[in-house]
Each structure stands twice: as C-alpha cells, then as structure tokens.
Amino acid sequence: MRKVLFIALAFISAANAIGQSKTALNFKAEIANRNTDTISFLDRNNGKQIKKIAVDKNGIFKDSFEVAEGFYMLFDGKEYTQLFLKNGYDLNLKMDAKNFDESIVYTGKGSLENNMLAKNSVEEAKYDYDSLLASSQEVFTARVNEKKAADLLPLENKKLDPNFIELQKKSIDRSIAGLSKYHQEALMTKKMNGTPSPTFDYDNYKGGKTKLEDFRGKYVYIDVWATWCAPCRAEIPFLKKLEEKYHQKNIVFVSLSIDQVKDVEKWRKLIKDKELGGVQVFADKDWNSQFVKDYNITGIPRFILIDPNGNIVKADAPRPSSPTIEAEFDALLN
C-alpha cells in the first residue's frame, strides 16, 4: 500500500477546449496498460471529482482547462499520484499503470515540480514508518529531524516554482506534525501492553451477541475496520491467508466493524460478497463505541492481539500484510 499525500485542488472546468491556451492548463497523458478509459482529478478535502478526461481514439488523455494553482491528486481508476498544477503549464505524462509510481515521467512546462513529486512518492513508499513510530522519543526526534532535512533539501533548487516551494514546505511541516502526534499516541498505546483488555459485546453477523470473554483460552487477533476504508479492504486478502494458515491453532480472528448503523446492510453484503471468514461483529456506536475509545483508536485499520487470559499482547499489532506477522504468531502458537 502506497503512502500518498492527498493534495487539495480547485478546478474550473473548460469543457471541450480546443488547441493550446496560455491562460489554462494543458494536460496530456499516455498511459500504457491503463486501468480504465478515464482519468480523474479529485479534491483532496472531500474526494469530490473535479475533472474527468476520457481517452481518445489514439489512446491519449488530453484536455485544456483553467485551474486554481496548487496541489492535486490524479486517479487512474485504481491508484493515485500527486500533482502541482497552475494555468500556463503544458504537462505531458507518460507512465505504465502496471509499474505506477516508478514509471511516471513528465515533460513540458511544470515537469520539474511534478517529477519531484513522483520521485517523492516512490521514496515515501520505501520509508520505514513502522520502525520510526515504534521508536523511543529520543530516537524518533532524531530520525524525524533527519527526515525533514532530507525532504527540504531538494527544495533548494532555484529553478523550482517559488509557490511550489512554499506549499511543499508547508506540506512537509504538516506531515512532520502529524507523525509527531501519531508517535505520541503510539507511545500511549504501547503502555497498554500487558494490561487487561477492554471488552466489547456486539452484534454478530451470524446472529446474537459476541463478547470478548467468549474467547478466553485463545489468542484473539482483532481487526478494527469499516467497509468505506480502502486500506482496511486492502488487508482482506492477507487476513484470509492468515486465517487459513492458523485455523487449527489456538487463535481466533475477529473483525470488528465501526461502520455507522445506517450502513449495516452494506457491511452484511460485503461480508457475503467477499466471503469473509473469522468472527464478524458490528460495533454499536462507530467511532464513539466504548471499545474504540478505550483503545484510543483514531485511525483504521487497527489490529489488536490479546492473550488467552484476556491481557493485551499488542494494542497496536502488525497488519496481516506485515512481513513480521507470521513470525510473531509462530512464536506465540508453536
């Protein structure tokens, strides 16, 4: 899963624009192995589609439209990439959707800034955020300062758009602030390890109620998720593999949905359509459910590991997609 910054934009559409314009953005994309026949520009703040471009008979996405200067995200039907756009730019994008971020190359006016953003996405995907957030306060402070300095260094290029530099610096500051806040929450969460787990008593997909105490004598791996959460759904195939591998071991897999009550049928349908296994329960008050508040859950997916006595092994356990998860399970169960 890629760590991508969703950048705010504001578009004023110029429908059926013809030719080149100095007062508008000219955008052209050639995408090999494309996922769909359209590309969309989305508002970061609300996810609203602002502009859609359809592929033409020559396999090219091309349009000219006015745009408010700033950061954006481009969606190809499956993945996202960052953009910095302004009127007067003449951007040409070439990429292979099977090798998404790594293959992106821009040419034309505005390419310097946007190639930098594409490179940043590749580097961000490789950065070891898990170890950063699991580190002590002293180590975290040193590493996050190193990261900030490294992120700021490319902005010393005098050829970059001054407004791009200013906005990117603000984005870096917000990112560092977010990491610091998340790290403080992680330190608080870590203190819960080894203590008795908060409990729950929620509706079960198969009927009746299910409470945490029903699983005493077994390890419990809890997935706190929601149907609307794309990163949560991305973990489903990995979770299924874990359930299959450890189905005869002393562990139960519980998926705890924090969807809103109005979406309970959507939750039921997804479980049926995706043939989800394990124990499926539905929290009573979504984010305000007591179990969620007791664990100080502010983002999902969140995984929790509890021992047979009801004590917390890890209040923030590795995801099913983590390369360490099976080793941790094997150490406990074998």
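Two strands are taken to pair if DSSP finds at least two bridges between them. In this predicted model, strand β12 (residues 219-225) and strand β15 (residues 302-306) are joined by 5 bridges and run antiparallel. Within that pairing, D223 has F303 of β15 as its bridge partner.

These two strands belong to an open sheet of 7 strands, whose order is β11-β10-β14-β13-β12-β15-β16 and whose pairing is mixed. Because β11 (209-211) and β16 (312-314) stand at the edges with a single partner strand each, one side of each is left without a neighbour in the sheet. Direction ignored, neighbouring strands of this sheet are turned by 35 degrees against each other on average.

Helices pack on this sheet as well. Helix α7 (residues 236-245) touches β12 and β13 (251-257), and the direction of α7 makes about 155 degrees with that of β13. Helix α10 (residues 325-333) also packs on the sheet, where its contacts are with β12, β13, β15 and β16, and the direction of α10 makes about 150 degrees with that of β12.

Within α4, the residues F140, V144 and K147 are buried; they cover an arc of only 55 degrees around the axis, which puts them on the same side of the helix. An α-helix has 3.6 residues a turn, so residues three or four places apart point the same way. On the other side of α4, E138 and E146 are exposed. The cover over the buried residues of α4 includes α2 (111-126), α3 (129-133) and α5 (162-190).

In soluble globular proteins, nonpolar side chains tend to be buried together. The largest nonpolar core here has 40 residues, of which F27 and F164 touch the most other members, and its largest share, 5 residues, comes from α5. Leaving aside neighbours within four places in sequence, F27 is in contact with I39, F41, I53, F61, K62, D63, F65, L74, L83, L91 and L93, a list that includes the charged residues K62 and D63. Apart from this core lies another, of 34 residues, among them Y202, V220, V252 and I300.

How values were computed: Residues are numbered from 1 along each chain as its sequence is written. This is a predicted model: local features need pLDDT of at least 70, side-chain atom pairs count only at pLDDT 80 or more; totals for chains, interfaces and linings use all residues. Side-chain values use heavy atoms; hydrogens and water are left out. Buried means under 20% relative accessible area, exposed over 50%, partly exposed in between (1.4 Å probe, protein chains only). Helices (H or I, at least four residues) and strands (E, at least two) are DSSP runs, numbered from the N terminus. The arc is that of the directions from the helix axis to the C-beta atoms. Contact means heavy atoms within 4.5 Å. A nonpolar core is a set of buried Ala, Val, Leu, Ile, Met, Phe, Trp, Tyr and Cys residues joined through side-chain atoms within 4.5 Å. Axes are lines fitted to C-alpha atoms, for helices over the stretch in contact, and angles run from 0 to 180 degrees between N-to-C directions.
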